[in-house]
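Please keep the viewer open as you read.

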Amino acid sequence: MHRASCSLYDIAVIGAGINGCSITHELSSAGKRVILFDENGIASGGSGAAGAFISPKFSKSGELKDTLHDAFLYSMNFYEKNFPKLLRKSPLLHIAKDELDDEILCVYKEKTSLELLDTERQERETVSINAAIVNAKPMCEALAKSAKFMKLKVESLEYDDGLWIINEAYTAKEVVLATGAYKTLLGESYIKLRGVWGHRIDIKTSTQNPHSIHQFVSISPSLNGELAIGATHNVHYHPQTATEIYDVKEGRAELLEKASRSINIAEVEVIKDYTGLRSGSFDYMPLIGPLVMSEETMQDKSINFYTKKPDFKEYSYYPNLTMINGSGGYGFVLAPYLAKLLSEYILSDKEISPRLIPARFFSRWVKKV
Ligand SMILES: Cc1cc2nc3c(=O)[nH]c(=O)nc-3n(C[C@H](O)[C@H](O)[C@H](O)COP(=O)(O)OP(=O)(O)OC[C@H]3O[C@@H](n4cnc5c(N)ncnc54)[C@H](O)[C@@H]3O)c2cc1C
């Protein structure tokens, strides 16, 4: 091992999607020496495939809606202030899919504090707001710029004498796991993330579309005769377990058919396909913060695991190790906001909401085991 000859980093971030790159940016901006690892390159997972629309969640109520509302406002401002060239502002039309959606959007419109734009009357209920699209891969690259980047698969993580040793070669005082829907490195069974496969196509078309449209799929506004169509809804396909290769042709046809239910797209030529997994948690809320060491915690006889109000402070945690993950279809909306919360936790020990910390899954899981 060449550990002794390797320089010491303040923080090692594993995974260079939008989550890993956002926390890298926050911590580097605070003066920390950050090393960022990704086995396939920056934005090579779900983040590279994303349409990267920045929008709130159009639902009636709930924790996820509230979190996404805050994240939407924070992230629009963050991207515009720090990376204005990589953000394209445009009005978004969110159109209901069916009658149930009509009702949800009606309630949303009554309750929201966001400014609503006038829309032409559509067959279905429609909400229009000022929103934006991020240029996904260049944004991840820009966020990661001030860190040392290593294109390397992290295979081992070991804590020794107050430091994390990565692949027996790199040392860091802190580790942040941002590995998306790919296998978690620690093998803690209470962390269950669901990978949902998505496909986006960039097409050339003679149709001019002035706004983003979200209905059955997401459609971007036109730029130089091109637009993007994307969706993440294939819960059955996983590249690490699938026995057959994903059928790109079939995926394209499905995207175009669904897009055509919202607008007429003429003279289509598909220029590029992007595919990837997005990772979501089982309660749909993102996961940020420290990780419970399940074995050590379960051995602590003084903890009552059956209480309805668990005290997460009683649990044992991996030292100087956190995660940022589980953003579902909203990674680009959530990442700057979550990275801010996580960096405040890492740098100043500021508490993270129990709605967001991974310990909530441990407290549910431990009752079953
Ligand atoms: C088609 C599509 C459209 C989408 N549209 C939108 C949208 O419009 N708006 C929006 O906000 N979100 C959208 N999303 C969701 C968004 O892309 C995800 O929420 C986001 O990419 C999650 O980012 P992440 O950093 O958590 O994961 P990822 O981007 O998947 O990054 C994880 C990275 O970790 C690396 N990694 C894993 N294990 C290791 C290891 N052991 N060693 C080294 N590297 C490792 C992987 O190579 C990968 O690059 C879309 C997703 C898809 C697929």
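Leu 177 has Met 323 of strand 16 as its bridge partner. This belongs to the parallel pairing of strand 9 (residues 170–177) with strand 16 (residues 317–325), which three bridges hold together. Strands here are DSSP runs of E with at least two residues, helices are runs of H or I with at least four, and both are numbered from the N terminus. Two strands are said to pair if DSSP finds at least two bridges between them.

A word on the model: it is predicted, so local features need pLDDT of at least 70 and side-chain atom pairs count only at pLDDT 80 or more, while totals for chains, interfaces and linings use all residues. Residues are numbered from 1 along each chain as its sequence is written, and side-chain values use heavy atoms, with hydrogens and water left out.

Strand 16 also pairs with strand 15 (residues 287–292), this time in the antiparallel sense and over five bridges. There, Pro 290 has Thr 322 of strand 16 as its bridge partner.

| Antiparallel pair | Bridges | A bridge partner pair |
|---|---|---|
| strand 7 and strand 8 | four bridges | Glu 158 and Ile 165 |
| strand 8 and strand 9 | three bridges | Trp 164 and Ala 172 |
| strand 10 and strand 14 | 12 bridges | His 199 and Thr 275 |

Both turns around strand 8 are worth a look. The hairpin of strand 7 and strand 8 has two residues between the strands, and Asp 161 takes a positive phi near 55°. The hairpin of strand 8 and strand 9 has three residues between them, with Asn 167 in the turn at a positive phi of about 50°. Which way do the side chains of strand 8 point? Leu 163 and Ile 165 point one way, Trp 164 and Ile 166 the other, and all are buried, meaning under 20% relative accessible area with a 1.4 Å probe, protein chains only.

Leu 193 lies in strand 10. Leaving out residues up to four places away in sequence, Leu 193 touches several residues, including Ser 279, Leu 287 and Met 323; contact means heavy atoms within 4.5 Å.

What encloses helix 9 (residues 359–368)? Seven of its 10 residues are buried, so helix 9 is largely enclosed by the rest of the structure. Among the buried ones are Phe 361, Phe 362 and Trp 365. The buried residues of helix 9 pack against strand 14, strand 15, helix 7 (294–298) and strand 16.Stepping back, the protein chain comes to nine helices and 16 strands. Its radius of gyration is 21 Å, close to the 21 Å that the globule rule gives for 369 residues, so the chain is as compact as a globular protein of that length; the radius is taken over C-alpha atoms, and the rule is 2.2 Å times the number of residues to the power 0.38. Of the 369 residues, 52% count as buried. Among contacts between residues at least 6 apart in sequence, 77% join residues at least 24 apart.

Definitions and conventions:
Buried means under 20% relative accessible area, exposed over 50%, partly exposed in between (1.4 Å probe, protein chains only).
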